[in-house]
Amino acid sequence: MKKILSLMIVLAVVFPSVLGAQRVHIDIEARGFKRMKVAMPAFAGPKELADSVWSQCAKDLEITGAFSLLDPKGYINPGPISFIEPGTLKDWALIGADYAVAARVERQGAQVNLAVQAVEVSTARAVLNTVYTTKADSVHRGVHAFMDALMQKALGLEPIFSSKIVAVQKVSKKKQLYTMWCDGTGGAAIKGGGDLVLNPAWSFDGKKIAFVSYWKNNPDLYILDVRTYKVELFSSHKGINVTPCFDPTGTRIAYTLSKDGDPEIYIAPLGGGTAPERLTRSWATDISPSISPDGRKLAFCSSRAGTPQIYVMDLVTKKVERLTFQGSYNSEPVFSPKGDMIAFIHLAEDRRFHIALIKTDGTRMKVLPGTGRGDESPTFSPDGRLVAFSSSDGNIYVTDFMGTSVVRVTDTGGFTEPCWSPLME
Amino acid sequence: MRNAERVVGLMALVSLIFFISGCAKHGVQQVEGPTPPSQEEVITGTPDMELDMPGSEGDVSAAPQAMEEELAKFEQDRIYFEFDKFNLTADARKVLAEKASFLNAHPNLNVRIEGHCDERGTREYNLALGERRAKSAQDYLIFLGINPDRVSIISYGEEKPLELGSGEDAWKLNRRAEFRILGN
C-alpha cells in the first residue's frame, strides 16, 4: 500500500462501480429532494493538518447542496480513523448516515497525500477509495477533486469545485477585484485597477473578466485577460459604462450605457470595430443584461413599468416580454447555465432583498430564504444547481434551490458582486 | 517698533470697520429701496466687488477667503431624493437655483454633479439611479440657463455613502447629488 501511495499522483481504485439508480435530478421543482447524510469522523494523520483538511471537507460537503454532515457529537467513534471497518457500518446506519467517509492525510516531502474512503452505508459498497496527491500549499485542490468525485460517484452530479468566484473586495476605502475557488480557498486580490472597481463578469470560457473601473474618473468598462493580467479599455462613453455580460460564444458583450441620455442596453463585438448596437428604447432605466446560454435571449432589468422588473428580449426579433409581476422591486437577472431559469433579486414581503428564481416562461417564481439579512448579486454554479450571492454582512454565500443549505464561503467580510466562473482545467 | 505696528494695526482695523459699515449701509439701501436703483448703483452694484483697499493687508486675503467660503458652501449644499426616485423636490430646485446664480456669477467655473444612492436596492440598478439623479440636477441647471458644457455628471451608485449604517436617518442623507467645482 505504501508503495502505491508513493508512486501515484492520483490513484483511483474505484470499487465495483456504483449507482445509476440513485442519479438525482435536482431543479427548481424538486421540492422533495433530501440531502444525503454523511458521517465523517476526524481524519487520521498529523493532527493540525488532518483537522484543517477535515474542516474544509465539512464545509465543501455543505456547499454541494447534495450532502449534509451529521454532527460528529453523535458518532459512536468520532475518530480519528482512516478506514471504515465493514463491521462498523451498522453504527453509522444507526445514526442515519447514508454515507460514511474516512481519510488519512500524510505529508510526503513537499507533497501531501489525502487518502479517502467513502462507503454507502446501506449497501456496504465503496463509492470512493482514492488517494489525492497535491503540493503542500494546495491541499485544497485535493479536497476539490475528492468532493467532485464523491458528488459524481455517489449521486451522478456534475463537478463544481474546479471553478472560481470573482468578486469585489473592499479594503479600507478602496475596492478591488478578488478571485477564489468557489469554496473560498486560494483567494487572491487583483490590485491596480484604481480605487473603485465594480460589476465583474466572467466570460463563458473563463479566460476573461469584464469589469467597471473609475480609473479615468468615469465608470468605464475594461476587460481583463485572466492569464496575463493585461487589461484593455473596452468602453468609455460619456456617462455610465456598466454591468457587462459576455454572450456564450464569447464574441459579443452586452452592457449598459447612458450616452444617449438615459441608461440603455447595448451589445457590441468583443474585438471592437463597430459601434455598439442599442437594444432597448425606453425613457426608463434599462440595466443589468444577461444573455441566455443559447445566445438567443437577453434578460434585463427595466423600470419602464414604474418599478424595477425583469424583462426578456428575443435577440432576433427584439420583442420584449415582462417576466416578473410579483413585488415592487426585481433586479439583476442572470440566466442559469441550462437556460431554463433566471435568478434575480426580489424585495420580498419581509422588506428584505432575497434571491428569487423563476422559469424563463414566467412561471414558478420561488423566493429563497438566503441569509434573511439582504442578499444581492446572484450567480449560478457551473452545473446550474447552486446559486452564490453576497449578503449585507459583506460575505459570499452559496445556497441550493431548496434553501436548506446556505453556506458562508468567505470569512473576512468586504465582499460584494460575486460572479461564478465555468469549470477550469 | 511695537507702537508703529499697533498704529498700523489700528488703522487697518478702522479702515476695515469703515469698509464693513459701508458695505452694510450699501446692502441696507438695496434691500429697503422701493425705488428703482440709480445708474450708479447698477454700475457699482455687481455682486461681491473686490475692492483693493490701500494699506489693508487683511482685505487682500479677505476676498479669496470669502470666495473660498462660497466655494465650500457650493460643494456642501447637496440635494436629496426620495427612495428609488430621481425627480427634484421643491427644496432641491431651490438649492439648484442658488447653484445656477453662483455659476452665472463665476463663468470661469465648471461643476461636476455626483449622483448617489442609499444601500437599498441592487448595486447595478443603483448605478443607473445615481446617474439619473445627477442628470436631473444637470438638466435643471441647464434649464436655468447654465451652458451644458459647464455641467458634467458621474454616478457612484451606492458606493460612496455619506453616512454609514442602516436606517432611514442614514439612507435619506445618502440619496443625494453632490456638486464639485472644477476649475477651468
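Phe246(A) stands opposite Ile253(A) in strand 15 of chain A. Strand 15 covers residues 252-257 and pairs with strand 14 in the antiparallel sense over four bridges. Two strands pair if DSSP finds at least two bridges between them. Helices (H or I, at least four residues) and strands (E, at least two) are DSSP runs, numbered from the N terminus.

These strands belong to an open sheet of four, in the order 14-15-16-17, with antiparallel pairing. Its edge strands are strand 14 (241-246) and strand 17 (277-278) of chain A, and each pairs on one side only.

## Basis of the model

This is a predicted model: local features need pLDDT of at least 70, side-chain atom pairs count only at pLDDT 80 or more, and totals for chains, interfaces and linings use all residues. Residues are numbered from 1 along each chain as its sequence is written, chains are lettered from A and ligands numbered from 1 in the order in which they are written, and side-chain values use heavy atoms, with hydrogens and water left out.

A four-stranded open sheet in chain A has the order 22-23-24-25 and antiparallel pairing. Strand 22 (330-335) and strand 25 (366-367) stand at the edges with a single partner strand each, so one side of each has no neighbour in the sheet.

Strand 23 (residues 341-347) and strand 24 (residues 353-359) of chain A run antiparallel, joined by seven bridges. Here His346(A) stands opposite His354(A) in strand 24.

## Chain B: partners of strand 4

Strand 4 (residues 176-183) of chain B pairs with strand 1 (residues 79-80) of chain B in the antiparallel sense over two bridges. Tyr80(B) stands opposite Arg176(B) in strand 4.

Strand 2 (residues 109-116) of chain B also runs antiparallel to strand 4, and seven bridges join them. Gly115(B) stands opposite Ala177(B) in strand 4.

## Chain B: helix 4

Helix 4 (residues 90-105) of chain B has 16 residues. From first C-alpha to last, helix 4 reaches 23 Å, close to the 22 Å expected at 1.5 Å a residue. The expected span is 1.5 Å times one less than the number of residues.

Ala92(B), Val95(B), Leu96(B), Lys99(B), Ala100(B), Phe102(B) and Leu103(B) are buried in this helix. Seen down the axis of helix 4, the buried residues fall within an arc of 165°, so they line one face. The arc is that of the directions from the helix axis to the C-beta atoms. The face turned away from the buried side carries the exposed residues Ala90(B) and Lys94(B). Buried means under 20% relative accessible area, exposed over 50%, partly exposed in between (1.4 Å probe, protein chains only).
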